[in-house]
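Subject: Structure for your files

Hello,

The structure I mentioned is below. My notes follow it.

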4 protein chains.
Amino acid sequence: MDVVDYTPTPEQYAWTFGGVAPSHRIKPGTLLRLWTDDAFCGRLRDVTDLPSASLNMPYVNPQTGPFHVEGAEPGDTLALHIVDLTPARGWGASTTIPLFGGLTGTDRTALLQDPLPEQTWIYEVNSDRGTVEFAAQSTDLTLELPIAPMLGTVGVAPAAGEARSSLVPDVFGGNMDTPEMKPGVTCYLGVNVDGALFSVGDGHYRQGEGESCGTAVEGAMHVTLLVDLIKGGGPAWPRIESDEYLTVIGSSRPLEDAWRASQVDMIRWLGELYGLDAMDGYQLVTQISESPLANVCDANYSAATKLPKTLLPAADPYDAMHRSLREQAAAL
Amino acid sequence: MDVVDYTPTPEQYAWTFGGVAPSHRIKPGTLLRLWTDDAFCGRLRDVTDLPSASLNMPYVNPQTGPFHVEGAEPGDTLALHIVDLTPARGWGASTTIPLFGGLTGTDRTALLQDPLPEQTWIYEVNSDRGTVEFAAQSTDLTLELPIAPMLGTVGVAPAAGEARSSLVPDVFGGNMDTPEMKPGVTCYLGVNVDGALFSVGDGHYRQGEGESCGTAVEGAMHVTLLVDLIKGGGPAWPRIESDEYLTVIGSSRPLEDAWRASQVDMIRWLGELYGLDAMDGYQLVTQISESPLANVCDANYSAATKLPKTLLPAADPYDAMHRSLREQAAAL
Amino acid sequence: MDVVDYTPTPEQYAWTFGGVAPSHRIKPGTLLRLWTDDAFCGRLRDVTDLPSASLNMPYVNPQTGPFHVEGAEPGDTLALHIVDLTPARGWGASTTIPLFGGLTGTDRTALLQDPLPEQTWIYEVNSDRGTVEFAAQSTDLTLELPIAPMLGTVGVAPAAGEARSSLVPDVFGGNMDTPEMKPGVTCYLGVNVDGALFSVGDGHYRQGEGESCGTAVEGAMHVTLLVDLIKGGGPAWPRIESDEYLTVIGSSRPLEDAWRASQVDMIRWLGELYGLDAMDGYQLVTQISESPLANVCDANYSAATKLPKTLLPAADPYDAMHRSLREQAAAL
Amino acid sequence: MDVVDYTPTPEQYAWTFGGVAPSHRIKPGTLLRLWTDDAFCGRLRDVTDLPSASLNMPYVNPQTGPFHVEGAEPGDTLALHIVDLTPARGWGASTTIPLFGGLTGTDRTALLQDPLPEQTWIYEVNSDRGTVEFAAQSTDLTLELPIAPMLGTVGVAPAAGEARSSLVPDVFGGNMDTPEMKPGVTCYLGVNVDGALFSVGDGHYRQGEGESCGTAVEGAMHVTLLVDLIKGGGPAWPRIESDEYLTVIGSSRPLEDAWRASQVDMIRWLGELYGLDAMDGYQLVTQISESPLANVCDANYSAATKLPKTLLPAADPYDAMHRSLREQAAAL
């Protein structure tokens with residue numbers, strides 16, 4: 001098994017999907033052991049570090065990569081299996097960025113009200129207990145919250161010559177900010193350009209569904225990935241398979257369109273797996289889908305459609321790619 | 001304990017929240033044992049029963065009630081504890097109604113494409129196994145799905161002299177179509193008119209989050225409710241408490257507004273319970289909220305914000321009303 | 001010609017469409033000479049009169065009526081010709097109501113930012129010059145703006161037993177807040193209940209498209225209407241005919257749905273008038289429709305689709321009803 | 001005056017804003033005489049030419065340029081004065097592209113209904129009469145419609161290393177598809193990268209507001225532009241000045257956000273020109289803005305806020321740039 005270890009220097013960070021030369025050329029089957037900086041480039045370390053003074057907008061969400069996957073061509077399916085995510089710092093940070101977030105006016109939901117104040121929360125990591133600590137600032141409340149590591153950003157280069165900010169989620173993946181992107185899952189992404197040119201970043205030590213204020217418990221991450229390639233079959237939207245769920249992530253505005261995109265692609269997937277026509281698929285997702293939100297704060301909103309495998313007949317999508325990658329991961 | 005048993009005749013069905021004389025006057029503390037017809041008034045019994053021939057639009061979602069709660073005044077909080085929901089027929093039905101549903105154009109998302117076909121699915125109830133059976137029509141696939149009974153519609157009379165169709169969810173509750181409305185929960189609704197005038201209906205034997213096609217596994221239901229009243233404190237949006245979760249349901253369009261409403265009222269609730277200011281509340285829901293969709297098909301869409309009690313300090317909202325009702329229910 | 005003069009007392013104001021007993025029963029062909037109070041019931045008379053102190057929410061937008069039109073049945077088309085609108089006071093008022101308006105968070109676009117300040121502007125009417133005067137408060141700028149009187153609210157009782165606040169626009173008309181509702185136009189509304197039960201109110205001395213802050217130059221109005229009835233043909237959405245334009249007003253959220261509804265009903269109208277199929281109608285509105293916004297602040301947003309008659313073959317919709325009413329109005 | 005004449009070959013077409021090397025380096029003050037191909041690259045010439053067979057998606061909306069403007073730096077304001085637009089072919093074309101358009105489901109408003117049929121309309125240009133001819137296909141109706149030439153696409157390279165498809169409108173301008181972009185106006189665009197790198201294309205012989213079906217009367221165009229540069233002052237959204245109007249174009253989803261963006265930037269502009277604070281600006285746009293839609297079909301929707309100069313005190317934005325360019329154009 002090819003193994004690539006890579007910790008980018010700040011000069012090597014990528015800030016877009018597309019428009020960036022690959023950091024590495026890898027073969028399908030490669031194991032990647034990566035380090036990703038946090039969305040703030042590690043600059044928020046104390047509650048007194050505020051975005052307007054500490055961040056260099058729009059240079060947030062630095063990406064590790066992109067990786068050129070040999071043999072990947074438009075129309076193919078990139079499979080990224082998240083073997084492990086381990087916090088790489090002893091603290092995570094969250095903050096409110098003026099005119100960014102789900103419960104504030106923004107540059108687009110353009111309103112005349114004053115912005116919310118900038119405020120930063122630091123979450124100490126307790127590795128032994130597997131928790132981060134929320135410390136309120138208006139009271140003395142503290143809460144231990146389980147670490148639930150995930151990647152906010154996983155994506156390939158977009159189609160049609162576009163280059164998109166690492167803050168944007170769309171059909172190419174990107175900043176979906178979904179808690180579904182966690183250890184043990186396989187993410188399937190449609191390839192748009194030769195080599196796929198995928199990158200990852202934006203680790204979260206934990207995040208609620210919706211990422212209300214716009215920033216999770218952001219933290220640098222050790223990321224272990226298995227990379228594989230399926231010829232053809234590129235899905236319309238990012239798909240995620242775990243041992244328990246089939247999931248599709250849609251990203252758009254308004255939020256109902258993000259959800260619709262995820263639903264329609266899931267109905268397509270049901271057709272591929274079980275031969276159900278669209279009406280039967282529509283009926284089945286109506287009764288069994290779980291629909292947790294991913295983010296309602298980014299340039300596009302993201303929503304998930306999840307189907308529990310226990311309610312479905314056995315199936316091994318993409319020629320049992322997920323099962324195979326799970327086994328490879330277990331053997332590491 | 002006062003007990004009221006009530007099975008309305010079709011002539012007694014209510015079709016709106018507000019604008020209907022009460023079927024009963026009850027005291028806080030009353031136990032209701034009700035029967036609710038299904039959304040289709042029991043008219044879809046076979047896959048050949050189609051909405052355009054069998055339904056009498058807009059007379060769907062018949063309500064049982066309304067109930068006048070003595071002493072309830074505008075600004076108060078009605079507490080409805082769902083003691084039990086038991087399917088009252090041996091089959092449930094789901095169907096596609098032309099230009100209604102989440103993955104089709106509608107009267108509002110007005111498009112020029114042809115409507116989807118009308119199609120009805122019948123789900124046989126297997127009480128012993130606690131399942132309903134999905135039978136595909138394009139293949140021979142059948143699936144056993146666990147019964148997970150819930151009420152699509154729980155609401156009070158709206159404010160300002162309005163009367164709203166039982167198809168509409170809004171601040172008064174109504175057709176929220178959320179799987180959170182299940183046995184064991186207490187629903188808190190703000191009272192808008194003397195007596196509150198609440199009603200219930202639209203039982204679902206199960207439903208996915210989003211209720212994609214517009215109709216769940218619709219079935220008549222035996223509904224056991226404990227009714228209580230809290231003076232004052234009427235919440236802006238319907239709140240639901242279970243042993244495991246605090247939940248708020250927002251309903252609006254576009255979908256992000258439904259979610260925002262649920263989030264902001266949850267932040268308000270956190271302030272009431274723990275004294276957190278809005279910024280701390282914003283931060284905390286960002287990291288711990290679960291955000292499952294309820295419906296993306298009704299006149300307003302509905303979204304839930306759920307906080308796991310295990311992550312929060314102990315608290316007994318509304319003077320421990322939920323705990324008290326749970327104990328009363330257990331003693332029945 | 002039957003003539004009805006009516007100035008309601010405050011006790012006679014109607015606050016909903018539907019759910020209100022008729023103030024009058026009239027025959028088709030009746031001339032109404034009405035007085036309508038302004039949206040604020042005349043309570044904002046000075047820049048120091050602020051909504052929270054002066055208004056009695058939700059009792060705004062008082063309606064004059066409703067009028068029962070003899071012979072009107074569900075499915076019919078009510079024709080209301082606006083003969084004249086004349087300001088009935090020497091001043092109009094506009095104000096910002098906290099958490100109401102197009103450029104602020106609201107109860108639904110629920111955000112955490114502080115509300116905008118309450119502020120009231122008084123516009124003196126100069127009848128000789130036909131102007132109202134805008135007086136800035138942050139500078140000494142004053143501007144003379146032409147009076148362009150219109151009715152914010154024209155509607156019938158809704159279907160299905162609903163009663164809707166006079167703040168809401170929807171398929172029944174209501175608070176559409178469109179500058180198209182001006183002297184010389186005929187408004188066609190689908191009848192939902194026996195007698196139609198229409199009412200009018202919410203006069204504006206002028207208004208920009210979108211009614212950004214939520215309140216126009218609100219003023220009491222002398223309203224002269226000719227009322228007529230067309231059997232059958234009730235349109236899906238309110239239609240307006242002037243000498244120059246055919247217009248449809250759609251109302252929904254998000255705003256694209258309001259526009260879509262107006263477009264699709266216009267394409268239907270083109271089919272009725274010229275026999276164009278939907279694809280030809282789609283193509284034609286694509287190239288010739290004017291699409292001014294009406295309001296982006298109310299419970300539903302409203303958008304207009306307007307087609308210039310000069311670009312279309314001659315046609316006299318509804319058996320030349322508009323032409324006939326224009327002639328009757330001219331003969332008064 | 002420097003003059004550049006440029007008719008790109010198909011190999012020279014640009015398909016994105018950003019990510020493309022400049023075709024020319026020009027000085028501020030340069031006159032450009034350009035040719036732009038139509039959105040379909042001239043491939044739809046007959047009603048039997050249908051998109052799926054004739055177009056090479058996503059290679060539509062070819063751009064002429066980009067032009068590097070010497071001295072332009074991020075934060076500056078590019079001024080593009082449209083001196084003249086003259087149809088460059090004897091016919092225009094419009095068509096329905098499956099799952100693209102305002103009254104159909106799309107890749108994002110993902111629905112299960114069948115796509116609308118592909119259908120192409122050819123509009124013969126009558127230069128003498130200044131008209132194009134609409135010919136219905138379901139009836140024998142033909143209509144002469146005035147030519148009203150405009151540019152669908154005018155934009156600069158976006159910020160933050162992004163490259164965006166020429167089908168997308170956003171803060172950088174792009175595919176706004178607004179009828180306001182017509183001869184005689186000056187468009188002000190904020191510069192994001194050295195040289196601004198602007199391009200133009202997508203000529204329309206005429207278009208309704210909203211561009212309902214997604215394609216206007218698309219036609220190759222002779223484009224005469226005067227280019228100038230203002231140091232600093234880059235607006236948040238594209239601004240357009242004509243002799244009659246100040247206009248801002250916002251682009252986003254949902255449509256209300258496009259409108260809000262245009263409104264808030266217009267309020268900012270009123271502050272710059274007249275010193276009005278935001279509340280006075282809010283009040284003034286409420287009463288005087290015209291709000292025609294631009295497109296409700298593209299990747300973002302676009303809406304205009306227009307203020308008539310006749311209602312405002314005299315002002316010469318950007319140091320009378322528009323007046324100066326008008327005079328220069330008149331002297332050509």
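Which domains does the domain assignment of chain A give? It gives domain 1, covering 3-230, and domain 2, covering 239-330. Please keep in mind that this is a predicted model.

Contact between them involves 36 residues of domain 1 and 28 residues of domain 2. About 2500 Å² is buried between these two domains of chain A, and carbon and sulfur atoms give 60% of that area. On the domain 1 side, the residues that lose the most area to domain 2 are A:Pro169, A:Glu180 and A:Tyr188, which together make up 25% of what that side buries.

A:Glu180 also takes part in a salt bridge, with A:Lys306 as its partner and 3.1 Å between the closest N and O atoms. The count of salt bridges between domain 1 and domain 2 of chain A is 1.

On a helix pair in chain C: helix α2 (residues 255-274) and helix α3 (residues 278-288) of chain C pack at about 115 degrees, and their axes are 9 Å apart. The crossing of α2(C) and α3(C) is right-handed. From α2(C), the residues C:Gln263, C:Met266, C:Ile267 and C:Leu270 meet C:Ala278, C:Gly281, C:Tyr282, C:Leu284 and C:Val285 of α3(C). Sorted by class, this contact has 7 nonpolar residues, 2 polar residues and no charged ones.

Regards

Definitions and conventions:
Residues are numbered from 1 along each chain as its sequence is written. Chains are lettered from A and ligands numbered from 1 in the order in which they are written. This is a predicted model: local features need pLDDT of at least 70, side-chain atom pairs count only at pLDDT 80 or more; totals for chains, interfaces and linings use all residues. Side-chain values use heavy atoms; hydrogens and water are left out. Axes are lines fitted to C-alpha atoms, for helices over the stretch in contact, and angles run from 0 to 180 degrees between N-to-C directions. Helices (H or I, at least four residues) and strands (E, at least two) are DSSP runs, numbered from the N terminus. A crossing is left-handed if the near helix is turned anticlockwise from the far one by less than a right angle, and right-handed if clockwise. Contact means heavy atoms within 4.5 Å. Ala, Val, Leu, Ile, Met, Phe, Trp, Tyr, Cys and Pro count as nonpolar, Asp, Glu, Lys and Arg as charged, and the others, Gly among them, as polar. Domain bounds come from an automatic or database domain assignment. Buried area is the accessible area (1.4 Å probe) that two parts lose on being put together, summed over both. A salt bridge is a side-chain nitrogen of Lys or Arg within 4 Å of a carboxyl oxygen of Asp or Glu.
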